Amino acid sequence: MKKSLLLGAMILLGSAVSQVHAGPAKGPVAAAPAPAPAAVPMFTYDFLDVQYIYTNFDSPWIDDAHGAGANLSKSLGGPLYLTGSFAWSDTEADYEPVDLYGASGGLGVYCPVMDRMHINLEGGALWSKEDYDYYSEDDWGYFVGPGVRFAICQGFELFANVYYTDFGGEGADTDGIDVNVGAIFDISQYFGIKVGGLIGEDQNSAFVGGRIYY
């Protein structure tokens with residue numbers, strides 16, 4: 001009887017040892033769950049805008065102007081970004097052809113209020129030029145002002161900025177307030193449609209164009 005029990009125990013022990021050396025049992029193994037994809041940010045500060053510009057002046061001596069412009073934004077890391085613009089328009093003043101040029105360059109800083117909303121503050125230098133047939137005039141100034149970007153949904157954004165501008169001249173009308181409003185509708189992750197307007201004290205502009213993300 002004891003020999004039978006000892007023989008059975010040895011058989012069970014040998015079976016257990018063979019299972020250990022054989023490794024884990026064969027068969028299907030449940031796959032580990034895939035990590036959740038990273039959330040796509042609502043806003044980027046790396047883009048180039050190219051647009052057509054129509055301008056109406058608050059003066060009977062200056063015709064409506066047609067032109068083109070570009071805006072550049074470049075993230076510097078964190079909440080800081082570079083901002084710049086250039087615009088050209090063709091019109092007539094007192095029946096004389098004139099080319100109008102404008103440019104700006106400066107820094108911006110943004111603060112996320114929530115995933116769908118950023119507020120920002122921008123400031124920098126301004127330059128403008130009126131180029132007539134026989135002479136030209138240049139002016140330098142600065143701008144500063146707050147703004148907001150609000151995403152209706154992924155790829156559809158509304159924006160608004162209020163700029164205080166001053167060209168520092170001796171005249172009484174060297175400073176003013178410009179309000180810039182518009183919308184961006186993304187066609188893809190690289191390109192969007194931009195529409196909007198700029199409301200100033202002496203002129204109003206409407207623009208339509210494209211935004212290139214890089």
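Where is isoleucine 187 found? Isoleucine 187 sits in the loop between β8 (175-186) and β9. Keep in mind as you explore that this is a predicted model.

## The barrel

Let's start with the overall picture. Ten strands close into a barrel, in the order β1-β2-β3-β4-β5-β6-β7-β8-β9-β10, and the pairing is antiparallel. From one strand to the next, the twist averages 20°. As a reminder, strands of a sheet pair through backbone hydrogen bonds, either parallel or antiparallel.

Some of these pairings can be followed residue by residue. Strand β2 (residues 65-77) is joined to strand β3 (residues 80-93) by eleven bridges, and the two run antiparallel. Here glycine 67 has serine 89 in β3 as its bridge partner.

## Strand β1 and its neighbours

On one side, β1 and β2 pair in the antiparallel sense over nine bridges, and tyrosine 52 has alanine 68 in β2 as its bridge partner. β1 also pairs with β10 in the antiparallel sense, over eleven bridges. Threonine 55 stands opposite serine 205 in β10.

In a regular strand the side chains alternate between the two faces of the sheet.

## Salt bridges

How many salt bridges does a search of the whole structure find? The search finds four. One of them is formed by the side chains of lysine 74 and aspartate 46, at 3.9 Å from N to O. Lysine 74 belongs to strand β2 and aspartate 46 to the loop between α1 (2-22) and β1, so this pair ties together parts that are 28 residues apart in sequence. Lysine 74 counts as partly exposed, because its relative accessibility is 35%, whereas aspartate 46 counts as buried at 17%.

The partners come from distant parts of the chain, with lysine 194 in strand β9 and aspartate 49 in strand β1, 145 residues apart. Aspartate 49 also meets arginine 211 in a salt bridge, at 2.7 Å from N to O. Arginine 211 is in strand β10, so this pair ties together parts that are 162 residues apart in sequence. Through shared partners, Asp49, Lys194 and Arg211 join into one network. Each member is buried: aspartate 49 has a relative accessible area of 1%, lysine 194 has 4% and arginine 211 has 5%.

## A buried asparagine

Is asparagine 180 buried or exposed? This residue of strand β8 counts as buried, because its relative accessibility is 15%. Setting aside residues up to four places away in sequence, asparagine 180 touches Phe159, Ala160, Asn161, Tyr163, Gly197, Leu198 and Phe207.

Now back to isoleucine 187, which is exposed, with a relative accessible area of 54%. Together with Tyr52, Phe185, Tyr190, Phe191, Ile193, Val195, Val208 and Ile212, Ile187 makes a nonpolar surface patch of about 830 Å². The elements giving two or more residues to the patch are β9 (191-199) and β10 (203-213). β9 gives the most, with three residues.

Methods:
Residues numbered from 1 in each chain as written. Predicted model: local features only at pLDDT ≥ 70, side-chain atom pairs only at ≥ 80, totals over all residues. Heavy atoms only, no water. Patch = residues over 30% accessible without salt bridge, like charges linked within 9 Å, V, L, I, M, F, W, Y side chains within 5 Å. Areas by Shrake-Rupley, 256 points an atom, 1.4 Å probe, with all protein chains shown as cover. Helix = DSSP H or I, 4+ residues; strand = E, 2+ residues; numbered from the N terminus. Buried < 20%, exposed > 50% of the residue type's maximum accessible area, 1.4 Å probe, protein only. Contact = heavy atoms within 4.5 Å. Pairing = 2+ DSSP bridges. Axes fitted to C-alpha atoms, helices over the stretch in contact; angles between N-to-C directions.
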